Amino acid sequence: MNSPLLALFLRDLRVARRIGGSATMGVVFFLVMVSIAPFAIGPDPDLLARIGPAILWIAALLASLLCLDRLFQADLEDGSLDLFHLGRAPLELAVLVKCAAHWVTTGLPLTLAAPFLGLMLQQEETALAAVTITLLAGTPALTLIGAIGAAATVTLRRGGLLMALLVLPLTIPVLIFGVSAAEAATGGTVSFFAPFAILCAITLASLALCPFAAAAALRSVGE
């Protein structure tokens, strides 16, 4: 990694820590979503155990969207986005580095918190491990796909709702195969590795395509 990109990565980590970090906000939202689920669907342990992976995945998806609208907006306000256009590092790599920093401060804490919150949903050890592994493989795709919406709405003051409307349909495949893999680990006709392999493929495809799409959206802002 070039030194400017490393400096950008460390800068985003420091900014996230100084402003309270999206990690705390995301984990708290994650906790609230998981906590209210039993009140909505009932306290039946068998039902909670059956739909627990889906609840955890939906809560993680919504929590990951909380701070995505600010992914590039702060850079636009302080002029850093113009420097990204003029820098010697490609804009696509700058987008990828910012996504990596966002995942470290948001997606990774959600993944680490999932096993503990899964205990509230009557999840067994196998299910907890499966949910954690699928979140570890799938949350980078959520961040990368969300970067496209964040770049497209970067000039809007309150573009969070519009960004969510743009991003949520694109995250449906990640949600489907993430939940399918987590549920398959606890039994069923489908093996765990089939949906998990597709989930990993979606993440790799997002890694290859989303930085270019987000960079194209950011270039259109600068024109």
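Me: What kind of model is it, and how are residues numbered?

Reply: It is a predicted model: local features need pLDDT of at least 70, side-chain atom pairs count only at pLDDT 80 or more, and totals for chains, interfaces and linings use all residues. Residues are numbered from 1 along each chain as its sequence is written, and side-chain values use heavy atoms, with hydrogens and water left out.

Me: Core first. Which residues touch the most other members of the largest nonpolar core?

Reply: F30, W57, F72, V174 and L218, out of 61 residues in that core. A nonpolar core here is a set of buried Ala, Val, Leu, Ile, Met, Phe, Trp, Tyr and Cys residues joined through side-chain atoms within 4.5 Å. Buried means under 20% relative accessible area, exposed over 50%, and partly exposed in between, with a 1.4 Å probe and protein chains only.

Me: Which helix gives the largest share?

Reply: α7, with eleven residues. Helices are DSSP runs of H or I, at least four residues long, numbered from the N terminus. Helices that each supply at least two residues of the core include α1 (3–18), α2 (21–41), α7 (125–152), α8 (160–184) and α9 (193–222).

Me: And V174, what does it touch?

Reply: Leaving out residues up to four places away in sequence, V174 touches W57, G138, A141, L142, I145, L199 and I202. Contact means heavy atoms within 4.5 Å.

Me: On to pairs. How do α3 and α7 cross?

Reply: Their axes come within 11 Å and cross at roughly 30°, so α3 is roughly parallel to α7. Axes are lines fitted to C-alpha atoms, for helices over the stretch in contact, and angles run from 0 to 180 degrees between N-to-C directions. Angles under 35 degrees count as roughly parallel, over 145 as roughly antiparallel, 65 to 115 as roughly perpendicular and the rest as oblique.

Me: Which residues meet there?

Reply: From α3, P53, L56, W57, A60, L61 and S64; from α7, V131, T134, L135, G138 and L142. By class that contact has eight nonpolar, three polar and no charged residues. Ala, Val, Leu, Ile, Met, Phe, Trp, Tyr, Cys and Pro count as nonpolar, Asp, Glu, Lys and Arg as charged, and the others, Gly among them, as polar.

Me: Switching to E92. Buried or exposed?

Reply: Buried, at a relative accessible area of 16%. E92 lies in α6 (residues 91–118). Apart from neighbours within four places in sequence, E92 is in contact with P211, F212, A215 and R219.
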